[in-house]
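Visitor: Hello! Could you walk me through this structure, one question at a time?

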Amino acid sequence: MIILYDHPLSPYAQKVKIALDEKGVAYETRIPDGIGVGGARGDFADASPRLEVPALIDGETKVFDSTIILEYIEDKWTEPALMPTGPAERARQRAIEEMLDTHFEAIVWGLGEIRWFKRAEGELAARMEQAAGEQIAAYHRWLEAQLGDADWFAGERFGWGDLCAAPYVNGAAGAGFAPPANSKLSAWLERVNGRESVAAANEATRAVLGGMQQVAETVDAGMFKREYRDHRLEWTIRSGGLEIVQAGLAKGNIRFTPPPA
Ligand SMILES: N[C@@H](CCC(=O)N[C@@H](CS)C(=O)NCC(=O)O)C(=O)O
């Protein structure tokens, strides 16, 4: 049985679950012990040197990073193909994935740091939320242009760009930043959420969201050490939250990407 190290709130893990479901591949999900504190060990750490979900174990094969896992899935289970044909179209799918995995993800993640983990309150939180809203609106415009008049980012059929976009656009919508009403992007979101694979990932997310109301205290008590890696660190600083990083470093409740063990 394929094992997927997962967290239901991880958009990266959602990409992988949607791809496996679309291809009808059976798998078992596991939430690694120590996720969120940088303390994971054992099989998960062997599969994922950066101690991040998702990580996939298929027999002797261990793959980490959602993009690399998606490529593995597409190479191993070829039907139905999620990547369209033609080099230009394939490059476009990868560009959509890249834009969302990097800067778009960081914005939605940053909103979680403010609202769930209470990294900022009052005026600072309001300024950062406003910046997030403006940035998300810009990404929505970019996505709308990528969609054009097609039903799917992948063209005539659901595919790579769609499964990569769904977790992030849903995450932003859940945070109160839905695509503009009556836009092509909002019609696409409704369409993509109608797919069983996407609905299942959404349901798993909803099931754990209630528990996020209590996490601020656990961060304060030093039980979490959140990973302020690459684009997330950039987002925090460019959106006015340098003091969040400084306070987190002083309190020891933020960390950066670890080197392999
Ligand atoms: N580039 C990676 C990013 C994965 C990632 O950042 N995962 C987060 C969850 S969304 C994680 O596991 N962080 C480790 C932690 O919080 O301890 C991918 O595409 O899979």
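Visitor: How many residues of domain 1 are in contact with domain 2, and how many of domain 2 are in contact with domain 1?
Guide: Welcome! Keep in mind that this is a predicted model. The domain assignment gives domain 1 as 2-76 and domain 2 as 87-212, and their C-alpha centres lie 21 Å apart. Where these domains touch, the count is 11 residues of domain 1 and 18 residues of domain 2.

Visitor: Which helix gives the most to the side of domain 1 that touches domain 2?
Guide: By class, that side of domain 1 has 5 nonpolar, 2 polar and 4 charged residues. The element that gives the most to it supplies 8 residues. It spans residues 11-22 and is helix 1.

Visitor: Now to helix packing. Are helix 4 and helix 6 roughly parallel or roughly antiparallel to each other?
Guide: Two packed helices are described by the angle between their axes and the distance between the axes. For helix 4 (residues 87-115) and helix 6 (residues 160-174), the axes come within 9 Å and cross at roughly 15 degrees. Angles under 35 degrees count as roughly parallel. Helix 4 and helix 6 are therefore roughly parallel.

Visitor: What classes of residue make up the contact of helix 4 with helix 6?
Guide: Helix 4 passes helix 6 in a left-handed crossing. On the helix 4 side the contact includes Ile96, Leu100 and Phe104, and on the helix 6 side it includes Trp160, Cys164 and Tyr168. By class, the tally is 9 nonpolar, 3 polar and 2 charged residues.

Visitor: How are helix 4 and helix 10 placed relative to each other, oblique or roughly parallel?
Guide: The axes of helix 4 and helix 10 (residues 230-238) come within 8 Å. They cross at roughly 60 degrees, and the crossing is right-handed. Angles under 35 degrees count as roughly parallel, and 65 to 115 as roughly perpendicular. Helix 4 and helix 10 are therefore oblique.

Visitor: How do the residues of the contact of helix 4 with helix 10 divide by class?
Guide: Among the residues of helix 4 that meet helix 10 are His103, Ile107 and Trp109. From helix 10, they meet residues including His231, Arg232 and Trp235. The contact divides into 4 nonpolar, 5 polar and 3 charged residues.

Visitor: Last one: which residues come nearest to the ligand?
Guide: There are 15 residues around the ligand. This shell divides into 5 nonpolar, 6 polar and 4 charged residues. Those that come nearest are Ser10, Tyr12, Glu52, Val53 and Ser66.

Key
Residues are numbered from 1 along each chain as its sequence is written. This is a predicted model: local features need pLDDT of at least 70, side-chain atom pairs count only at pLDDT 80 or more; totals for chains, interfaces and linings use all residues. Axes are lines fitted to C-alpha atoms, for helices over the stretch in contact, and angles run from 0 to 180 degrees between N-to-C directions. Helices (H or I, at least four residues) and strands (E, at least two) are DSSP runs, numbered from the N terminus. Angles under 35 degrees count as roughly parallel, over 145 as roughly antiparallel, 65 to 115 as roughly perpendicular and the rest as oblique. A crossing is left-handed if the near helix is turned anticlockwise from the far one by less than a right angle, and right-handed if clockwise. Two residues are in contact if their C-beta atoms, placed from the backbone, lie within 7 Å. Ala, Val, Leu, Ile, Met, Phe, Trp, Tyr, Cys and Pro count as nonpolar, Asp, Glu, Lys and Arg as charged, and the others, Gly among them, as polar. A residue is near a molecule or strand if its C-beta atom, placed from the backbone, lies within 6 Å of it. Domain bounds come from an automatic or database domain assignment.
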